[in-house]
Every structure is written in structure tokens, then in C-alpha cells.
There are 2 protein chains.
Amino acid sequence: VRIDGTPHRTIELLDGHVRVLDQTVLPHQVQWRTLNTLDDACAAIADMWVRGAPLIGVTAAFGVALGLRADPSDAQLAHACERLLATRPTAINLAWALARTRTLLEGVAPPARAAAALVFAVQMADEDVLINRAMGICGLQLLSALAQKKGTVLNILTHCNAGWLATVDRGTATAPIYAARDAYIDLHVWVDETRPRNQGASLTAWELGQEQVPHTLIVDNAGGLLMQQGKVDVVLVGTDRTTANGDVCNKIGTYLKALAAFDNGVPFYVAAPRSSIDRSLDDYRAIPIEERSHREVTHVQGRAVSGALESVQIAPSGTAVANPGFDITPARLVTGLITERGVIVPSRAAIAAIF
Amino acid sequence: VRIDGTPHRTIELLDGHVRVLDQTVLPHQVQWRTLNTLDDACAAIADMWVRGAPLIGVTAAFGVALGLRADPSDAQLAHACERLLATRPTAINLAWALARTRTLLEGVAPPARAAAALVFAVQMADEDVLINRAMGICGLQLLSALAQKKGTVLNILTHCNAGWLATVDRGTATAPIYAARDAYIDLHVWVDETRPRNQGASLTAWELGQEQVPHTLIVDNAGGLLMQQGKVDVVLVGTDRTTANGDVCNKIGTYLKALAAFDNGVPFYVAAPRSSIDRSLDDYRAIPIEERSHREVTHVQGRAVSGALESVQIAPSGTAVANPGFDITPARLVTGLITERGVIVPSRAAIAAIF
């Protein structure tokens, strides 16, 4: 993440310490937190100091390394992986990163495990950046063609934060946007605020601002009208898990935008690194949908007039709440998947072909 | 509005004073405000102490009466109507109520105008209640049939507040809900919070709570998933303006719910009193869409830990914002219009037949 002009990653190894940017206090405060233990890593994921499928995976890999520092035994390795896996149920990257880490470390003698785990976590972070850069290049061709066809500023709508802040660097859905900006393509991004946690308002708007990409914040309800009015040229989102047939599980509300895009002939693309594709699931029906805290709906956090971060209650006390975190965009509504191996149609055959 | 068990209307004439329930501080405070002047009435509408198409219309009629107290001249009548008309551009009821009031008063000699205007405003309030009761009865048949077919609790999803608080009493979209509750139909309401002003979280949840109707608050993003999961049996919303062909202009985000309902085979009904139907417009293209304050998006009001009402900022300072207040649900996505003359299909012929 470039912060006030200086490049940063969202998770960094600094003098042997793992530190992460605390995303719960953005955009109001830039606060780094050091992770020293397995507990710290679990808290970082569960309490969403870090979020976004790719970043969660990398943080988990660092978490295993931290968990093995004092006790590199097989039992502790298993325990660390189980604890980390339980922090968030929907994102496939978490399970994928932990499975890779565990398999690798089981082949390493316990005394060498902590060091090997750290090296592997760093490699995984580097790999994430390379993958995102590759997705950026594939997506750039797409945006470039759309921009050329339009001949004037290209309007992109995005939901939630599949940005820099959801990854180690560059982002998934934002990678093509940053690549297009770097290629001098004239573009503008509609940013869905993304209730209930407002990742669009607090994270995407902030990172696009830091990168000086022109953008406009809207409520999640507004995207349909903007498409009806011809003000959206392409929708670009991320995914927490995509199934073998191309069904896309992503932040709650994504499906509504896909329906509106379809209804208005607006192309709908999903940035889906291969790590987010779960080929073990035939279609969406087996994806667990995380139910999150009711307080995310009844209370909103922001900066009060005093400058302090405060939560205000917006619903009557005692109101019943449902808060599912994700929904499913069926493959039939998806124009294409932007992967690090190219842009593909969301079909079983095309997905199989990139593995 | 029944408040702590005592029935109230949202606008009341008390000892010659007009008073309205200030909806900007609900659900945290129950605060009545007295309107003494035309300025007060304009502020009540523009600042949304009162909102909802029917209630705006009735408040405007009272506003004309207040404006004529000191000066009942033709010039003042014209001035009052123009000022009130300018407060909110989208709702047709405002124009309709003012046109009726003006036509009637132009036929009254100036000395008698203020009294006549007050009598007419009271009549219009009573008429609103009767219309809503009639819509409730028509909608009840519909909900009753759906409940019978389902055999268990009927799940209704609603967007924004087309309730008691949007009218003088009973509500438009809520009228069938209250009628069904009175008829002992087992029902449950999903309440969209309705960003940016959160009328669902702050008003609909509050009034359903006061009336002890079972309900669950959700973010606007969640309705699509709930429909995918079969947890919504019918969608019921209001309208600010419906055109001669049945296109429905309503609170921003309504269109997205209509798309999801259509995609999942869920019936989508609009409570549309004849006063909300603008037969002068052939279709949606001529409806002005109100652009509202950017602060509604960047700041959220609620109750702080201290108990005081506070606004917190959720976006980075200086973020550009777009805040359209309404969108269009094309007639093709609407199952039926619930009017005071019966439930009709949203077609030009069926609409013409109820006038």
C-alpha cells in the first residue's frame, strides 16, 4: 500500500517482526500492529485487522510460523493450522494457504520448521504480488479495449475492497485498474460503500485516493440506477470463492450488481486468482455462508466531531438482525473471470484448462 | 403512529396548532415539532422531519394554510405553493396535493381562505387514512392467499419506509402487513436498512416494533441472498411516483430488489395509491431523480455511547460522492400494484381503468 506516497505492503516482515496494517481504523488512522504469537495472528484475521481472501491466506501462513517459534512439534503444527482455519469460514484461500503450509512443513524436521515456515510465508507474500501483477496485465487488455471502444472516460463500478488492502499488494480487482492508470487510460471508479462494514467507503475510497485514481463513493443501493443511466461501462469485483462451474461467492450484495449489469448489458468481470477457485465444489450450493456479528448492522463506526473513532447505534435497541457476509453470483451472470493465466469465460472447461 | 401503545397520527392538529413527529431523531427520540409558519412547513419537508410521498402532500396542504394566515392574497397563495413545491422534486403527491389545494382556494374569497385551507388539509389527512385502509384490505387478500399457499410463516421483504411514518396513518406498503397481522396471519418482515438515510433501520424497524410485528433488520445488500435461499415469499414496497405504463420510481435500491425477486420467482408488489400515479408521464424517462446531500453518504447519524445523537464520518475527508435518491423499477419487473381500488397489473390499460 502506498501511504502518503511511500510504498508499503499490507503485511511486512521488519527486523524479524511481522507487522500488519490495521484496517479496522482506516481511513481515519494509519496504525500498524505487530504480530508476535499465533493468538495475534488469529485475532488479526478474526477481528479483521486484515481481511480479503489473499491477505488472509498469507497472514495465516505467517501465523503458522509464529505458532511454531516456541513449539515446532507435529501437534503444534496441527493445532496452529486448525486454530487459523477456524477464524473465517468462507474464503477458500485460507484453507488453501494452510494446506500448502502444512504439507510443506510436515516434510521438514521440527528444529528447522519455524525458519522454514517464515521463509514459506514470505514466498507466499511475494507470489501474491506476482499473481496480482499478472492479473493486472490480463485485465488491462480488457479495460483498454473497452476504453478504446468508448472513446472517453471509462466508468468502472466495484463492490467491497478487492484492492491492495485485500492482498499483499496491487489487489485483485484493482490490479487492472492500477495497470490501466499506469497505461494512461482515462478512467473513473464508482465505489460501493459496501455495508455493513463499509469496506468501500473506508478502504477502497482511501486506497484509490492514496493512488490518485479518480473515484466517487456511492451507497450500495445506487449502482442499479447508474447502470440504467448508462454511467457504468464495466463492473469489476473480487471473489472469496469461485466453484468449478464458475459460480462466484463474494461480498454480500455482489449478486444484486451482477443482476443489474446483466439487465443493462454492462459487462461483469470477476478478478479470480487460481487460489480463489475451489474446484472441489461443483457449484455454489456447498459454499458455507458466514453469518457475522449483528453489531455490524446495528452500529456504524466512524470519526466523531471530536476526532475520536466512535460507534453509533442506528437501529432501535433490541432489533433482531440477520447479517450474512456473502452471496452467490451464478456463472450465467458473469462475463468473464480475470485470472493470472488470462481472462476466461466462467465455464467448467475453461476453468479446468487453467489448472 | 402508535407510540408506546397510544395511537397517533404523524401530523396532528392540536388546539389550532399543527404538529408533526420529527422523524430525523427516530428511533432514539420521540420529538414533536409545532409548525407555525410557511417556513416551518417548508423546513419540515426539505429537512425531512416528515418524509414519504403521502405525508409530504398532506404537510404541504397544512403549509399552505399556515402561509395564508397573515396574508390570504392570490399572490401569497401562489408564493406558498411555489415554495412548498420546490422542497422535494421527485414525489408526485406534493405537486398533486398543492394543485388540489390551490384550485380549491382560488375559488374562495381571500378573507375565508385560511380557514378553508385548514379544513381542506384536515380532509386530505383523513382521506389519506381511508385510502391506506382500503389498500390494506386489497393487499390483505393477496397476503392471505400467499400465506395459505405456503402454510407456514409468510416472509415479506420491504425497502425503505412506506409505513405509517410515510403517511398520516397505517402506511401504504405496511397497510397490508398491519391488516394481515390484524387477521392473525403468521408473518415476518425483512427490513432493508435503506442507505443512505437508514429509514428502514430507524423508522420501519421502529414502527414494526411499536406494533409488535415480527421483523429482522438486514443491510440492503442481503436481500438477494435471502431470495436465493428461499427466505423471501413476497416483496412489498411503496412508490414516490408511478407512470402511466406502470414504471415505478421509488427509493434508491428498489430496482435491485425487483431484479432479485424476478430472478428468483418471488412476487414483487408495489403499494401505489392513485395519488402516487402520474398519468401525465408516459414512462420513467421524464421522472426527475433528486440528487441529495453528499453528507448523507459520508456521515451516519446514530446514538453514541453517551446517549447523545451524533454523526460519524465513514469516508476519507474530501471523497467525491454521488447520492441519487430514487431509481426506476420497470413495469416488467412488477407483479402488481396495490391500489385503493384493488390490486392491478402494471399495464397502461389497467392503470387507466382505476381513474
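A salt bridge is a side-chain nitrogen of Lys or Arg within 4 Å of a carboxyl oxygen of Asp or Glu. Keep that rule in mind while looking at this predicted model. Side chains of opposite charge can pair when their charged atoms come close.

Start in chain B. B:Arg113 and B:Asp74 form a salt bridge, with their closest N and O atoms 2.7 Å apart. Is B:Arg113 buried or exposed? Its relative accessibility is 2%, so B:Arg113 counts as buried.

Now look between the chains. B:Glu193 and A:Arg195 meet through their side chains in a salt bridge of 2.6 Å, N to O. This pair crosses from chain B to chain A. B:Glu193 lies in the loop between β7 (187-192) and α7 (199-210) of chain B. A:Arg195 lies in the loop between β7 (187-192) and α7 (199-210) of chain A. B:Glu193 has 0% relative accessibility and counts as buried. A:Arg195 is buried too, with a relative accessible area of 2%.

Next comes a pair inside one helix. A:Glu106 and A:Arg102 join their side chains in a salt bridge of 3.2 Å, N to O. Both lie in helix α4 (residues 92-106) of chain A. They are four residues apart, which is about one turn of the helix. A:Glu106 has 49% relative accessibility, so it counts as partly exposed. A:Arg102 has 28% and also counts as partly exposed.

Salt bridges can also form networks. One links A:Arg2, A:Arg170, A:Arg181, A:Asp182 and A:Glu211. Over all chains, the count comes to 46 salt bridges.

Turn to the helices of chain B. Helix α1 (residues 38-46) packs with α2(B) at an angle of about 165°, and their axes are 8 Å apart. That angle makes α1(B) roughly antiparallel to α2(B). The crossing of α1(B) past α2(B) is left-handed. On the α1(B) side, the contact is made by B:Leu38, B:Ala41 and B:Ile45.

How does α2(B) pack with α4(B)? Helix α2 (residues 53-67) and helix α4 (residues 92-106) of chain B pack at about 30°, with axes 8 Å apart. That makes α2(B) roughly parallel to α4(B). Here the crossing is right-handed. Among the α2(B) residues in this contact are B:Ile56 and B:Ala60. They belong to a group that meets residues of α4(B), including B:Leu94, B:Ala97 and B:Leu98.

The buried residues include B:Tyr255, B:Leu256 and B:Lys257. Just after α9(B), B:Gly265 takes a positive phi of about 65°.

Now the strands. In chain A, three strands form an open sheet in the order β3-β4-β5, with antiparallel pairing. β3 (11-14) and β5 (32-35) stand at the edges. Each has a single partner strand, so one side of each is left without a neighbour in the sheet. The twist averages 30° from one strand to the next. Four bridges join β3(A) to strand β4 (residues 17-21) of chain A. In one of these strands, β4(A), A:Arg19 is the bridge partner of A:Glu12. Helix α2 (residues 53-68) of chain A lies across β3, β4 and β5, at about 30° to β3(A).

Another strand pair in chain A is a hairpin. Five bridges join strand β14 (residues 299-303) to strand β15 (residues 309-313), and the two run antiparallel. A:His299 has A:Gln313 in β15(A) as its bridge partner. Five residues lie between the strands, and A:Gly307 in the turn has a positive phi of about 100°.

Finish with a sheet in chain B. Four strands form an open sheet in the order β13-β10-β11-β16, and the pairing is mixed. Which strands stand at the edges? They are β13 (277-278) and β16 (326-329), each with a single partner strand. Two bridges join strand β10 (residues 241-243) of chain B to β13(B), and these strands run parallel. B:Thr242 has B:Ile277 in β13(B) as its bridge partner.

Notes
Residues numbered from 1 in each chain as written. Chains lettered and ligands numbered in written order. Predicted model: local features only at pLDDT ≥ 70, side-chain atom pairs only at ≥ 80, totals over all residues. Heavy atoms only, no water. Buried < 20%, exposed > 50% of the residue type's maximum accessible area, 1.4 Å probe, protein only. Pairing = 2+ DSSP bridges. Axes fitted to C-alpha atoms, helices over the stretch in contact; angles between N-to-C directions. Parallel < 35°, antiparallel > 145°, perpendicular 65-115°, else oblique. Left-handed = near helix turned anticlockwise from the far one by under 90°. Contact = heavy atoms within 4.5 Å.
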